[in-house]
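The sequence and structure are shown first.

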Amino acid sequence: MRTIAAISTPPGKGGIGIVRMSGEFSLEILKKIFTKKEIRPRFMHYGKIIYENRVVDEVMACYFNKPYTYTCEDMVEIYCHGGYVSCLYILEILLKLGAVPAEAGEFTKLAFLNGRIDLLEAEAVEGIIEAESKEEQLMYADVLGGKLTEKLESVLNDVVNLISECEAKIDYPELGDVDDMKEKLEKIHGGLISFLDDEKRTTYIRDGLKLAIIGRPNVGKSSLLNALTNKERAIVTEIAGTTRDTIEETINYEGLTIRLIDTAGIRSTDEVIEREGIKLSKKAAEDADFVVVVLDGSTPLQADDFEIMELVKDKEKVFLINKEDKGLKIDLKSVEKYGEYIISSIKNDSGVRELLDAIKKRIVHEIDFNVTSIFNIRHVDLIERAISEIETAIRDIDVMPFEIVEVSLREAHEYISMILGRDTSEDIIDRVFRDFCVGK
């Protein structure tokens, strides 16, 4: 039986560092180096770590007895001073005394394998750790709390009931009618489709809104990036073409994570390196969820401006007419033909908040901060497979024996169960946990 150990706090300096163990020898190993020998479960104990007759650190330690622990095994956590050397030294001592290094995500993997959480909830743990906004963290917390498991269990229960009904009809064909079963299949189908719909409505919460800032050179794109991020991230000069490559930053605005992409100015040029940058700019605009086109309001529209407006005519976008402080000479009616515009002076910090408000207003209908949804490719793939099997059952129920319909229902049941980690191969399970941090 392995007793695993790992540092659970990130590298660097902090007030407290945590080293944890899980396994049947956790308490035995702790007692070998901890000055406090009478250790009560679930009580915090003060003492010193002593190794080779030297005090390593003053610490607090807590022993958690199985099965009421994160891993359902005996666990120990040592709370030492937060210098990484202290954590590393204590971990090194634990390994010398019989513990083995934990693998990535092994603590959470044990929680799954020992039945404390399902695979979906385990994935939510990683989501909480990686969350970049409060809204994303709360979404994963709902999953960890079992809300999504409950919804999936309800669908599984409906599928099981239909499987039982199929078996009854195989033995007693006169029981009930096909229309009743078809109606139940349609209900299951609708429920599965709703999982995909909910996943789309949480995409921006999980992944953020990919927003490209484009425009011809020297209109204020980099100034806008700096204003949005409140830092000098991009070089701003009067020289056109300063930005040659895309620059990416992330901000959070009222719960919405926005991934900003500042691009090279788009214009006609024979300069080879600049042309490559322009290609990247156009690709960024094409791939973005939303585009902000920056225009120089102090000059009339130029041919390059019209080319850019044509480029994004089918995209979700807002035009930011900059340099209002220099006096407006731009033809606003021509811009209005292409979409909504906001007049601004980035130099005077005017129009930036209005821009963010306009962006959020335009996409808020696609976001639901309260929904608990499936949240990765594995889930989507399995739901789509289950939907396909239910659609096959709906087609077959009028023309095929119930034995055939039952096969499709059992396949659908298996795919949904795999989201929760039931009947899932070891390879898939390993793949889920390999991206976890080591101490979780």
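What radius of gyration does the chain have, and what value would a compact globule of 440 residues have? The chain has 29 Å, whereas such a globule would have a radius near 22 Å (taken over C-alpha atoms; the globule rule is 2.2 Å times the number of residues to the power 0.38).

The model is predicted: local features need pLDDT of at least 70, side-chain atom pairs count only at pLDDT 80 or more, and totals for chains, interfaces and linings use all residues. Residues are numbered from 1 along each chain as its sequence is written, and side-chain values use heavy atoms, without hydrogens and water.

| Property of the chain | Value |
|---|---|
| Accessible surface (Shrake-Rupley, 1.4 Å probe) | about 21,800 Å² |
| Carbon and sulfur share of that surface | 50% |
| Buried residues (under 20% relative accessible area, 1.4 Å probe, protein chains only) | 49% of 440 residues |

The secondary structure comprises 16 helices and 12 strands, taken as DSSP runs (H or I, at least four residues, for helices; E, at least two, for strands) numbered from the N terminus.

Helix 5 spans residues 134-144, and its buried residues are E135, E136, M139, Y140 and V143. These lie on the same side of helix 5, because they cover an arc of only 135 degrees around the axis, judged by the directions from the helix axis to the C-beta atoms. Their cover includes helix 4 (119-130), helix 6 (147-171) and helix 8 (203-207), with contact meaning heavy atoms within 4.5 Å. G146 follows helix 5 and has a positive phi, near 100 degrees.

Conventions. Buried < 20%, exposed > 50% of the residue type's maximum accessible area, 1.4 Å probe, protein only.
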